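Subject: Structure handover

Hello,

Here is the structure I promised to pass on. Please open it first, then read my notes below.

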Amino acid sequence: MNKNTVLAWATWIMIIVGIGLIAMGAFRYTEVAGYGFAAVGIGFFAIAWVFNALKGRV
């Protein structure tokens with residue numbers, strides 16, 4: 001497993017966790033805590049985007 005494969009796996013894991021956090025914010029917690037979960041989920045998407053951009057460059 002080379003560096004690009006590790007970054008690809010990390011990207012997919014971050015996307016799955018981000019979707020899970022956004023879903024928890026939308027469906028599980030309807031009060032103010034839901035906004036926090038959704039914000040963290042969007043942050044996970046941003047980090048996954050960076051990992052995807054680093055593929056082939058590291």
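In which helix does Trp9 lie? Trp9 lies in helix 1.

A word on the source. This is a predicted model, in which local features need pLDDT of at least 70 and side-chain atom pairs count only at pLDDT 80 or more, while totals for chains, interfaces and linings use all residues. Residues are numbered from 1 along each chain as its sequence is written, and side-chain values use heavy atoms, with hydrogens and water left out.

**The chain overall**

The secondary structure comes to two helices and zero strands. Both kinds of element are DSSP runs, numbered from the N terminus: helices are H or I with at least four residues, strands are E with at least two. The C-alpha trace spans about 40 × 15 × 10 Å along its principal axes. The chain has a radius of gyration of 13 Å, whereas a compact globule of 58 residues would have one near 10 Å. (That radius is taken over C-alpha atoms, and the globule rule is 2.2 Å times the number of residues to the power 0.38.) Of the 58 residues, 16% count as buried. Buried means under 20% relative accessible area, exposed over 50%, and partly exposed in between, with a 1.4 Å probe and protein chains only.

**The helix pair**

Helix 1 and helix 2 pack at an angle of about 165 degrees, and their axes are 8 Å apart. Axes are lines fitted to C-alpha atoms, for helices over the stretch in contact; angles run from 0 to 180 degrees between N-to-C directions. The angle makes helix 1 roughly antiparallel to helix 2. The cut-offs are under 35 degrees for roughly parallel, over 145 for roughly antiparallel, 65 to 115 for roughly perpendicular, and oblique for the rest.

Thr11 sits in helix 1, which covers residues 3–28. Thr11 counts as buried because its relative accessibility is 6%. Beyond its neighbours within four places in sequence, Thr11 is in contact with Ala48, Phe51 and Asn52. Contact means heavy atoms within 4.5 Å.

Trp9 counts as exposed, at 55% relative accessibility. Trp9 and Ala48 are 39 residues apart in sequence, and 10.0 Å apart from C-alpha to C-alpha.

Gly43 belongs to helix 2, residues 32–54. Its relative accessible area is 28%, so Gly43 is partly exposed. Gly43 and Met14 are 29 residues apart along the chain, with 9.6 Å between their C-alpha atoms.

Best wishes
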